[in-house]
Number of protein chains: 2
Amino acid sequence: MSLANLRTHYTADVRPDKVENGQKVTLAGWVHEVRDLGGICFVVLRDREGKAQVTLVKKKIDKDLFDAARRLVRESVISVTGSVKFEEKAPNGYELLPDEINVLNVSGSPLPMDTTGKVEAELDTRLDSRFIDLRRAETTAVFKIRHESLRAIREYFVKYNFIETATPKVVATATEGGTALFPITYFDREAFLNQSPQLFKQILMSGGFDRVFEIGPIFRAEEHDTRRHLNEATSIDVEVSFADHFDVMELLENLVAYVYTRVIENCKSSLEVLGVDLKVPKTPFLKLTYDEVIEIINSRCEEKMHWGDDLGTLGEHTVGDHVYETTGESHYFIIDWPTEIKPFYAMPYEDRPEFSKSFDMMHRTMELSSGAQRIHIPSLLKNRIESQGLNPDGFEFYLKAFEFGMPPHAGWGMGCERFVMTMLGTENIRDTVLFPRDRRRLSP
Amino acid sequence: MSLANLRTHYTADVRPDKVENGQKVTLAGWVHEVRDLGGICFVVLRDREGKAQVTLVKKKIDKDLFDAARRLVRESVISVTGSVKFEEKAPNGYELLPDEINVLNVSGSPLPMDTTGKVEAELDTRLDSRFIDLRRAETTAVFKIRHESLRAIREYFVKYNFIETATPKVVATATEGGTALFPITYFDREAFLNQSPQLFKQILMSGGFDRVFEIGPIFRAEEHDTRRHLNEATSIDVEVSFADHFDVMELLENLVAYVYTRVIENCKSSLEVLGVDLKVPKTPFLKLTYDEVIEIINSRCEEKMHWGDDLGTLGEHTVGDHVYETTGESHYFIIDWPTEIKPFYAMPYEDRPEFSKSFDMMHRTMELSSGAQRIHIPSLLKNRIESQGLNPDGFEFYLKAFEFGMPPHAGWGMGCERFVMTMLGTENIRDTVLFPRDRRRLSP
């Protein structure tokens, strides 16, 4: 009755410590390769965890079985029952001597792209045929590591008494002024896809939730079409009551170190497949002030940066290289940004309000996270909304939460894809998303 | 420098096994109540984990401190440093004798709604002022349990080698014919909000991911405005290769039992606040066939159900009551549904194709989950799409994944909110969502 008997083991679980020599097992997966040498035929079966060699010697086995094996079409789905023979010379330390090969679904041919790694496909080809691309060990490895990273992030937050939340993606108001939004027709009204859970997680601080995190999709209608932008991405968002920006920077750097540690421990074979030699970043991360960053850039670049400018790509690289050369580390913070170039909810310093209690966490080549202590005083918040040219009326549902007991609080948001990308040294952010959405791509 | 010194303990962590009598602690939270009896004043401080009584005896303390305490405005945010005095008669087993009360943010008044539980507010009032409603212990308890449920669900799947995935919410094609979709303007094109990760998780089976789960938002533009429908909800989705519907039903019933067990263990005080006496459902759940369900309904109801009809609300209640009366259990499966009333991807039985290998998991009063073994044969799938009046051209990106080695697979989707709702006996599904989205509500 159950299909569970189509497989007793993953290929990687057939090991001398788990299986006896000669034991009958059933493997299920894809026909990775068929090598027909006349008197002997090798079928390489591939599943999520690895590959196994199925060996058929013409003289020793049933003719029909041998012929069936020779005729197997690559990438067809099969289930093979046979005896395990541990054999040091075989690719995975064993071969399977089959009693039965069951073809569950025949693949068409030619394939839309190569799966053996012999031909390197362009990213667009790979994304067009993502279902085949995902069968490559390198692609699977990225998503196993992404999975483990998010698992470890949740584990870390749970340990520190955070509540995971889910806030709406369909909203009536933009979070911030700057970013473009995707409009939705919500019954007879106009609504938008949310670009950040920012306003909601702050409301939850007023709601007494104390420490929250959210991991979910965000949507940005930016026209950017670069190797590090997505229009739909996964954001890791955090908000903490009775905390300032230094508290949440500490939380963040320790989180990064924690996740790297877990990935090194739990994703050994995936890191190996990718050839990544991961090192846990040293904490605490270096903190450079915005003013120090200007000095570094202006001492190294022809094009000068002025106070009040945002960091450009060249600036990010310059400072990142400087930090790496002087400390040997890739992660660092830029703190004390000008209030005017940070979102309205960033808290200005009391004694020098042109600077804000805000930070970016950087990796050598790009920004990973932005955060700040937030404004919790309603009158100041309203002023800041106005002075950024926004209309406070659109923020009524948000401002109301500040008028009846909002605690001081701080938080940050970090892009999941950039985090994975910088961890693995991935060239393009699209490689860290199963089905990326960008300016041009809406399918698959 | 750090705001962390605004609090050393949560109110619930001041206990004889953790804190010494007379020890100095700092609590932070909201002014829940001020009782000024002339010579003595009690301030009840509330945080996420509970309440603490701050006791001020006029004769014994500084006059300014006493006066400040008397004048505290309800729901203002304060931080109080003082000595712990364990005292059996005090509400939480201790009182705090304050040295210092620090007002961090003064609340306006009158409050938009009551927080003491003395006045029962309507749901709409509570949702309009959700930031205040969330301060009620009953509301917080629901979201702590929701958090623990999702944590336990992830723990369970990780144990069984599942990979957590994130698939796009912005899509070009509807998943199924029936449900209405919210249209988006995606740059210069029309797109939709995804109503289910169904097609993507199936593509991932072709991609060799073997076992995946996804917990994320789904969007349904249904006009329904009932106490058990939402237009934005959280869906728990699962897909398993080399498995049939019986395999994934077993996975599902064991998951339900696992989560109930974890909630009972880890959410004692939240269950107490809600007055819920949770029992772990017995596994395996009863399986009724669709034909048996018709018999039960027709033997009990005046309005007859015919073969090919879907279950109405009355039918669901009738069968749910029947199951509860005969077994004492609330959960059960309805299996073997007519192929024509299930989505196109449900696998028909080979020997009686008018029935499908599909199931619903029911709770006494409503459907919680739908699942099936899926069709993995491309020609059959194309036929089924056509016979449901849909155009296969719109599904090209999906059908392609079946033509080059799709394994047999099965899966299900379960609504997170309905799961929590039935666990806690919540009257309205909106009580299980922080900021619900429905036909009328788009804010906060």
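Reply: Superposing chain A on chain B takes a rotation of 180° with 0.0 Å of shift along the axis, and the RMSD is 0.0 Å. That is how a two-fold axis relates copies. Keep in mind that this is a predicted model.

Me: Which C-alpha of chain A is nearest the axis?

Reply: That of A:Ile184, which lies 2.2 Å from the axis.

Me: And why say the copies meet through the same surface?

Reply: Because 100% of the interface residues of chain A are also interface residues in chain B.

Me: OK, zoom in to one chain. How many helices and strands does chain A have?

Reply: There are 12 helices and 16 strands in chain A. Its C-alpha atoms fill a box of roughly 90 × 55 × 40 Å along the principal axes.

Me: What about domains in chain A?

Reply: The assignment gives domain 1 as 1-103 and domain 2 as 132-429. Taken over C-alpha atoms, the centres of domain 1 and domain 2 of chain A are 47 Å apart.

Me: How much of chain A is buried?

Reply: 60% of its 444 residues count as buried. Chain A exposes about 17,500 Å², with carbon and sulfur atoms supplying 49% of that.

Me: And what share of the contacts join residues at least 24 apart?

Reply: In chain A, 65%, counting contacts between residues at least 6 apart in sequence.

Me: Switching topic: which residue does UniProt list for "binding site"?

Reply: The UniProt record lists A:Glu367 under that heading. In the model, A:Glu367 sits in strand 15 of chain A, residues 366-373.

Me: What is A:Glu367 in contact with, leaving aside neighbours within four places in sequence?

Reply: A:Glu316, A:Asp360, A:Met361, A:Met362 and A:Arg418. There's also a polar contact of 3.2 Å between the side chains of A:Glu367 and A:Ser370.

Me: Where is A:Lys342 found?

Reply: In the loop of chain A between strand 13 (332-335) and strand 14 (358-363). A:Lys342 counts as buried because its relative accessibility is 10%, and the cut-off for buried is under 20%.

Me: You mentioned A:Arg384. Which helix does A:Arg384 lie in?

Reply: Helix 10 of chain A, residues 378-387. A:Arg384 counts as buried too, at 12% relative accessibility.

Me: Which residues is A:Arg384 in contact with, again leaving aside neighbours within four places in sequence?

Reply: A:Thr339, A:Glu340, A:Lys342, A:Phe344 and A:Ile375. With A:Thr339 there's some detail: its backbone oxygen lies 3.3 Å from a polar atom of the A:Arg384 side chain.

Me: Last one: how far apart are the C-alpha atoms of A:Arg384 and A:Lys201?

Reply: They're separated by 19 Å, with the two residues 183 apart along the chain.

Conventions:
Residues are numbered from 1 along each chain as its sequence is written. Chains are lettered from A and ligands numbered from 1 in the order in which they are written. This is a predicted model: local features need pLDDT of at least 70, side-chain atom pairs count only at pLDDT 80 or more; totals for chains, interfaces and linings use all residues. Side-chain values use heavy atoms; hydrogens and water are left out. UniProt positions are given in the numbering used here, feature names are shortened, and annotations may be inferred rather than shown by experiment. Helices (H or I, at least four residues) and strands (E, at least two) are DSSP runs, numbered from the N terminus. Contact means heavy atoms within 4.5 Å. A polar contact is a pair of N or O atoms within 3.5 Å; within protein, one must be able to donate a hydrogen and the other to accept it, and residues adjacent in sequence count only if both atoms are side-chain atoms. Copies are superposed by least squares on the C-alpha atoms of residues with pLDDT of at least 70 in both. Buried means under 20% relative accessible area, exposed over 50%, partly exposed in between (1.4 Å probe, protein chains only). Accessible areas come from the Shrake-Rupley method with a 1.4 Å probe; for residues, only the protein chains shown count as cover. Domain bounds come from an automatic or database domain assignment.
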